[in-house]
Amino acid sequence: MSALTVPTQPFAGQRPGTSGLRKKVTVFQQPHYLENFVQSLFDILPDADQRAAQTLVLGGDGRFHNRVAVQTILRMAAANGFGRVLVGQGGLLSTPAASAVIRKRAAFGGIILSASHNPGGPDGDFGIKYNIGNGGPAPEKITEAIYQRTTEITAYQTTATADSADLDLDTLGTTTLGGPAGMAVEVIDSVALYADLMQTLFDFEAMRGWFAAGHRMRMDTMCAAGGPYAKAVLEGLLGAPAGTVVNGEPLEDFGGHHPDPNPAHATELIAAMTGAAAPDFGAASDGDADRNMILGRDFVVTPSDSLAVMAAHATKVPGYAAGLKGIARSMPTSCAADAVAKALGIPSHETPTGWKFFGNLLDADRVTLCGEESYGTGSNHVREKDGLWAVLFWLNLLAVTGESVESLVRGHWARFGRHYYSRHDWEGIPTDRADTLMTALRAQLPALAGQSFGALTLETADDFAYTDPVDGSVSTRQGVRLLFAGGARVVFRLSGTGTEGATLRVYLERFEADPARHDLPPQDALADLITLADRVASIRSLSGQAAPTVIT
Ligand code: G16
């Protein structure tokens, strides 16, 4: 038992709605800071009298501080009486692999160390979150209970002593750590179970044939957790030429990259996919390998279109040959997937931002595919979004259709129409100004509905609220929506994942049925909505910034 001499409140300053704790490494390095969160988590988990029979999964994206945190958590888990912890070798587990291990090994839950797509290194970000026994992010009632507990606790339990040597995280096998139950620490292969799961879902023979026929691919894992997984599956099991995976070694600072797979941060990949000599298929994954970006030669696929194309062709992929139960997308994600659901005669669901909202729908078998505009796509195979899974889904489609990425997307637009889409991020806004902006926007909503702005008629102006159809829980204030006649939309919300100031996200969408108008630059197709967004929310004047910092 150690006293918490620094009564840190880990969540201080963090915006509500995030599924875990995400802060600067230097914040996590404060004495007892991580311990406060971990003990609070252990204190609020149910069935405390069953600890000796419970297994936890533990691993992270390999960023700076990962190994230190793993050592701390192992000793706390032992002191709290847990029976077994499965740790990824070297402390490494991608987020989707952690979800797969929790499910396959029927663990009680898992602790994932990641700040996702945020930069790493001593000056970068670190994060921790808890996933429940279904393999998915803890629901709000658990994260809220953790938060409450962090404000109360005064001590934590650990087996650590001043001279404790570090546990060996690199050798596969099981050792025993002290504590009331004599906790088993099982170091597991980080990749094997995940790679096995992928082979149950995709047509590996067809994909092997695609590479054997001379097609080329570039998979950029951004020096992050995805590297070992992509190398094992693409270059190992599928016979892709060595060098198909680039930036494949996980580095503690991601090689100085911002491991966020989007056109703003994956510029090296975009350049490599440009021109006649570019590979047929390009893709990237993020820090913890749950996000993905899909590219063809001279062609970038938006995440919203990616979900819709995958849904439309799902029965061509073995794991989904029986068809889809339904499709879910986060509210700001474009409506492209809804059009596919309608054509397939299956339900579509619109949830708040955050993968945790898909969990109940997946558990109840109401949906099979889920996706978000923030480069996340996934299915019922795990309870997290899954970067490499999405890449393999596309690769499977390329292999069995013989089409290119561009022709699949253009064919999709020709059939369903094009949902022009863009997200404008205004980063680093002082928090009070961002709050003022959202408050002023919300206050205007009643007066805005019904107004016309040039050719745009505003049909609905509201603040998105969601009632979970499975458990009835209600989530309010999930983003301000301006919905126009004809399907155009502007959505405003504040990011829940940043660690510096506030980030305003403005999501812009317009539907275009006419194939003759499917080749406009998206920023041109959305120009009147962009102007209107600034006019309604006074973004430039309130943020003090002349332009968005990131456009995707
Ligand atoms: C997390 C959630 C995602 C969500 C994203 C939103 O992503 O897991 O489901 O879309 O946050 O981010 P923001 O609030 O900044 O818009 P990740 O990849 O950071 O874990």
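Cysteine 335 comes out as buried in this predicted model, at 18% relative accessibility, because the cut-off for buried is under 20%. Cysteine 370 is buried too, at 0% relative accessibility.

Do these cysteines pair up, or what keeps them apart? The sulfur of cysteine 335 has its closest cysteine sulfur in cysteine 370, 16 Å away, which is too far for a bond. Seen from the other end, cysteine 370 likewise finds its closest cysteine sulfur in cysteine 335, at 16 Å. A search of the whole structure turns up zero disulfides.

Next, serine 334. It sits in the loop that runs between strand E15 (327-330) and helix H11 (336-344), and at 1% relative accessibility serine 334 is buried. Its side chain reaches over to the backbone nitrogen of alanine 336, at 3.1 Å. Leaving aside residues up to four places away in sequence, serine 334 touches Ser304, Arg329, His419, Tyr421, Arg489 and Glu509.

Valine 382 is another loop residue, placed between strand E18 (376-379) and helix H13 (387-401). With a relative accessible area of 0%, valine 382 is buried. Again not counting residues up to four places away in sequence, valine 382 touches Pro96, Ser99, Ala100, Arg103, Leu197 and Leu362. As for glycine 121, 261 residues from valine 382 along the chain, the two C-alpha atoms are separated by 29 Å.

Here are the burial values side by side:

| Residue | Relative accessibility | Class |
|---|---|---|
| Serine 334 | 1% | buried |
| Cysteine 335 | 18% | buried |
| Cysteine 370 | 0% | buried |
| Valine 382 | 0% | buried |

Definitions and conventions:
Residues are numbered from 1 along each chain as its sequence is written. This is a predicted model: local features need pLDDT of at least 70, side-chain atom pairs count only at pLDDT 80 or more; totals for chains, interfaces and linings use all residues. Side-chain values use heavy atoms; hydrogens and water are left out. Helices (H or I, at least four residues) and strands (E, at least two) are DSSP runs, numbered from the N terminus. Buried means under 20% relative accessible area, exposed over 50%, partly exposed in between (1.4 Å probe, protein chains only). A polar contact is a pair of N or O atoms within 3.5 Å; within protein, one must be able to donate a hydrogen and the other to accept it, and residues adjacent in sequence count only if both atoms are side-chain atoms. Contact means heavy atoms within 4.5 Å. A disulfide is a pair of cysteine sulfur atoms within 2.5 Å.
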